[in-house]
Amino acid sequence: MQNQLKTILEEAKEQLKNAVSLTEAEELRVKLLGKKGKMTEILRSMGSLSPEDRKQMGMIANATRAEIEGLLSERMNALKEMQKNARLQAETIDVTEPGVSRKLGTKHPISITIDQVCQVFTSMGFSVVEGPEIETVFYNFDALNAPKNHPSRDMSDTFYITDDVLLRTQTSPVQVRTLMKQKPPIKVIAPGRCFRCDTPDATHSPMFHQIEGLVVGENITMADLKGTLDAFAKQLFGPEAKTKFRPHHFPFTEPSAEMDVSCFKCGGTGCNVCKGSGWIEILGCGMVHPHVLQVGGVDTEKYTGFAFGMGVERVAMLKYGIDDIRLLYENDMRFIEQFR
Amino acid sequence: MLVPVQWLKEYTDIKVSTEEFCDRMIMSGSNLETVEEFGAGIQGVVVGKIVSIEKHPDADKLVITQIDTGKEETTQIVTGAANISVGDYVPVCLHGSHIPGPLHGQPKQPGGVTIKRGKLRGVASDGMLCSCSELGIEDKVVPVKHKDGIWILEGEYTPGTDIVEALNLRDSVVDFEITPNRPDCLSMIGMAREASATFGTPLRYPDICCKACAEEKSSDYISVEIKKPQLCRRYVGRVVKDVKIAQSPWWLQKRLMTAGMRPINNIVDITNYVMLEYGQPMHAFDIRNVKGGKIIVDTAAEGESFVTLDGTQRTLHSDSLLIKDAERGVALAGIMGGLNSEIEDDTTMILVEGANFNGDNVRSTSKKLGLRTEASSRFEKGIDPNLTEQAVERVCRLIELLGAGTVLSGTVDCYPEVYRAQPVYVRASRVNQVLGISLSASEMEGIFRSLEMQTEAAGDVITVTPPTVRQDLLEEVDFVEEIARMYGYDRLPVTLPAGNTQAAKTQKQLLRDMAKGELLGLGFNEIQTYSFVSPKGLDAIRMKEDAEGRKLIRLLNPLGEDTSVMRTTLLPNMLEVLARNYTRNNAKVSAFELGNTFINNHSGDGPLPEERDALCIACYGEGESFYTLKGAVCQLLAGLGVKEVCFFPEAEERAYHPGRCAKLLRQGEEIGVLGEIHPDVAEKYGIGTRVYCCQLNFDALYAAADHTKSYRPLPKYPAVARDIALTVKEEVLVASLEDVIRKNGKDILESVALFDVYRGKPIKAGEKSVAFNLTYRAADRTLTDEEVSTVHGGVINALAQQCGAVLREM
């Protein structure tokens, strides 16, 4: 019987080695340990042995059974592992195939630009204000110190609704509205649509956007204007950006300036974006003219201020390299989706 | 304003390179457009003297010339020019020379042309004789005499001299951009004044001291009367006799050409020269044609006819200022002379006019007549009346210097009210306060004086009297600017404003940002379209004639019908954009626009109409349906905190499919409309697919938005799910079934969700099967089957009674 057990164990070892699937291993388990299995048969046949022999043989038989069970489970675990590995192998996918994306919308490049500029200024303590697109001659011209016979007032330049009502040609009337509404200190920016009688072509649009800025307070100086706009340029175009202020003329500021920013494409060495000059004109600015402050009821002895205004389309076109302003208003989805 | 640098040097020294000159002029306030090199691109062209001209044996139109070009042997050149004679000095392009071109009868070549020797009809030609334009001189400034043919040089030259040297052709011409506040800079002296202050070099004025003939006075020949002193502040005249009309000397012609003017004859050239020099438009009359020796400055009679120098007959108005003689008009004041008193080749005696006309009047007349001239545009901008006298003197002095006539003594000068500059008090402390600097009063005086201002300082206060040409300097702030630009913007410190302000966006701005964010997240692209539209768009969307949106705000001067009215709805623009995308084969589009619409009422700000925020959302393409858009809109409303919005079937919105359109109501108020665009409308726009659109009144959303959120404890007890399928008549709305279910669910119905709508066998025609998933739950206990069954049974009964719903076997 002992030999029998030995043989069973040896055979089991051999057969387990040859079992290459879980099914085979399971069959083997049934054959050895099942109700009709060899081990079961031997254990059953032990009833015919003497109590002494039975005890001894029982110990050996149980040990053999335990060993077979151990070998079986070891083999089955190994087979499971193999099977899992085979499955993982079979499940390999091509990770370079494109992802299945949820479609997200894209903001219009004009809005993106306005948002970026507004964000820079709100971080510097500016509030965002608005004014109507249909304006009065008073707010758009008179209150802004525009000479009575200034050519920009002509019907060839400005869209009129009546003699006194027009489509604003600039966001500057918001300056006056703000001055009339708020007491200094004032720090606001005003993005919005403007209109001028320009026939559409690659660089002109009868409707466009501006962002106006106004700061009024005690001891506001032209040095503050330079500092604020220089900080803005560095935030919008990067810390390397340099600014240059050139004298200019606007009726509603004095002294007035135009601000150039070092070309963000070539860094100032000269390229096609800056037309070789290394500088790009970005905005007009100046110290608010006392006449404008007076219209707003501001004490010009106590308070001074500065204002600035920039064309959003211009900034967007420069930033994104858009060569035709009309693309912005065609709203071709293939165009808009480029700005995600 | 074209400023030739060589000419400018006449009035002040410029010792720096053109590049540095430009850079520093920009920084002191004279912005510039371009710098052109006059006479650039000419190499190897010499002055030649024509020795002989012979006929070409084989060509009628060609001649063979022998030219002295300073070499031992003459140069043989074959030419087709007809205007040359023996003894003429001409520009000769020798073999290998380079000129800018364009060559006669050919288009301009970028980079110019190199001239090589060759044969013309068998005869060797060692180069080319050339014209002004072949040397790169613009047609519009080529002297009248040299317009056609070879350029015959005036004066004597050494043959073989380089043409650029001989004619002193090279000059840098700076095109300054003159802002409207600085008309004084529309002159060489004005720019020289700026340069002088910028570089600290003294300013030199031109010679205006006429020798004059003592025997005869101008007043012997002419008298002046100003009848409209408000339109003519000053009129100065001086008479010149023994005038000899001729070509101007080359130096004068060249200066005019570099400054962009065409030389004509000595008298006209001198008046133009002085206009450029002083900025004062000048005129010269042939005194033969000034009847009665009288100049009367008066307005024309309404409808009066007058022929200007250009030969055009013009009909004047009662406010057109006219220079008249004893009988008739002789010049249109400040705009153009009359044909009847023009300088002619045989003119021998002239009246030189320098006058100051009212800018507004000149502008209005010039506009009415559609006649804008160099003179009128200068008068429009405003000119110092004190310039008239100097300018007349200068014209006369130049006539003397050129030997073109004898100047009579004295002027006739009618100057009713002498213009004197007003002194202005400027506080040094104020200048420093505005600019953020700390200059002393005397440093500021130095700057003012460099600009020819008179100053007197007493403590902080500087009394500044500007020169009368500076009509832009009227109050303290104007002088702050003078200090700023001359001190240098680049030298001002860089600081940040002191004091804190709180940045804020308004609730409405935040809601707009939020709406955009939600829609972007839902996959809609943002579009931006014009605020002005075509009124035809309203017909295209079939808007009712009596709708509020038909009350349009019209532009008085639109660019065209397409942009002639302010939009009252965003829908036509949206459909146009969708159509454009559809035509361009963009198969699937989801887009929105958030923008202003304009309502023709005056409830807004005073005379201004109301501007209403509107939101338009649309989509087309595979997979899109009424329900996908509705789903997106519901998500948006939820995101904005707009609750309790109901959708009601709407068949009257004419832009939409009558069976696929809903009104959005909130607490009885209409906040928008959503539906499939009517096929007729889609067809009108050329969109060949179903389009879904939603228009929302953004102001109403703003009013309804409620962002309060409160926590509800998560359920502790299990839910019981019951599904029901009902057969109902087709016209029974899902919303009303849901409504009945909710009302009868007692307090244990947690949610109801539609999961199927089925039509077809075995359901009878005209009916549909609607299936819901009902979830029951109590917050404080596990529901018993019995409890649920009772409530559920009640729901089914109510559905049967109120909606005629029949329960289907599941």
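# Reading chain B, step by step

User: I've picked out Ile226(B). Where does Ile226(B) sit?

Analyst: Ile226(B) belongs to strand β13, residues 223-226 of chain B. Keep in mind that this is a predicted model.

User: Is Ile226(B) buried, partly exposed or exposed?

Analyst: The idea is to count neighbours: 20 or more other C-beta atoms within 10 Å makes a residue buried. Ile226(B) has 19 C-beta neighbours inside 10 Å, so it counts as partly exposed.

User: And which residues does Ile226(B) contact, leaving aside neighbours within four places in sequence?

Analyst: There are Cys232(B) and Tyr235(B), then Val297(B), and also Cys414(B) and Pro416(B). Lys241(B), by contrast, lies 15 residues from Ile226(B) in sequence, and their C-alpha atoms are 25 Å apart.

User: Let's zoom out. How do I read the shape of chain B?

Analyst: For chain B the radius is 42 Å, well over the 28 Å that the rule gives for 810 residues, so chain B is more spread out than a compact globule. Its C-alpha atoms fill a box of roughly 130 × 85 × 60 Å along the principal axes. Buried residues account for 43% of the chain.

User: How is chain B divided?

Analyst: Into domains, among them domain 2 (43-169), domain 3 (213-414) and domain 5 (507-704). The centres of domain 2 and domain 5 of chain B are 71 Å apart, taken over C-alpha atoms.

User: How do I read a sheet, and in what order do the strands of the open sheet in chain B run?

Analyst: Strands of a sheet pair through backbone hydrogen bonds, in either a parallel or an antiparallel way. Here 7 strands of chain B line up as β28-β31-β32-β36-β35-β34-β33, with mixed pairing. β33(B) runs antiparallel to β34 (656-666) of chain B, with 5 bridges, and Phe648(B) stands opposite Lys663(B) in β34(B).

User: Which helix packs on this sheet?

Analyst: That's α13 (507-521) of chain B, touching β28, β31 and β32 of chain B. The direction of α13 makes about 155° with that of β31(B).

User: Last one: how many residues are in contact between chain A and chain B?

Analyst: Interface size is often given as the accessible area lost when the parts come together. In this case we can count residues: 65 of chain A are in contact with 73 of chain B. Helix α8 (222-237) of chain A gives the largest share of chain A's side, 8 residues. By class, that side has 30 nonpolar, 20 polar and 15 charged residues.

Technical notes:
Residues are numbered from 1 along each chain as its sequence is written. Chains are lettered from A and ligands numbered from 1 in the order in which they are written. This is a predicted model: local features need pLDDT of at least 70, side-chain atom pairs count only at pLDDT 80 or more; totals for chains, interfaces and linings use all residues. Two strands pair if DSSP finds at least two bridges between them. Helices (H or I, at least four residues) and strands (E, at least two) are DSSP runs, numbered from the N terminus. Two residues are in contact if their C-beta atoms, placed from the backbone, lie within 7 Å. Axes are lines fitted to C-alpha atoms, for helices over the stretch in contact, and angles run from 0 to 180 degrees between N-to-C directions. Domain bounds come from an automatic or database domain assignment. Ala, Val, Leu, Ile, Met, Phe, Trp, Tyr, Cys and Pro count as nonpolar, Asp, Glu, Lys and Arg as charged, and the others, Gly among them, as polar. A residue is buried if 20 or more other C-beta atoms lie within 10 Å of its own, exposed if 12 or fewer, and partly exposed in between; C-beta atoms are placed from the backbone. The radius of gyration is taken over C-alpha atoms; the globule rule is 2.2 Å times the number of residues to the power 0.38.
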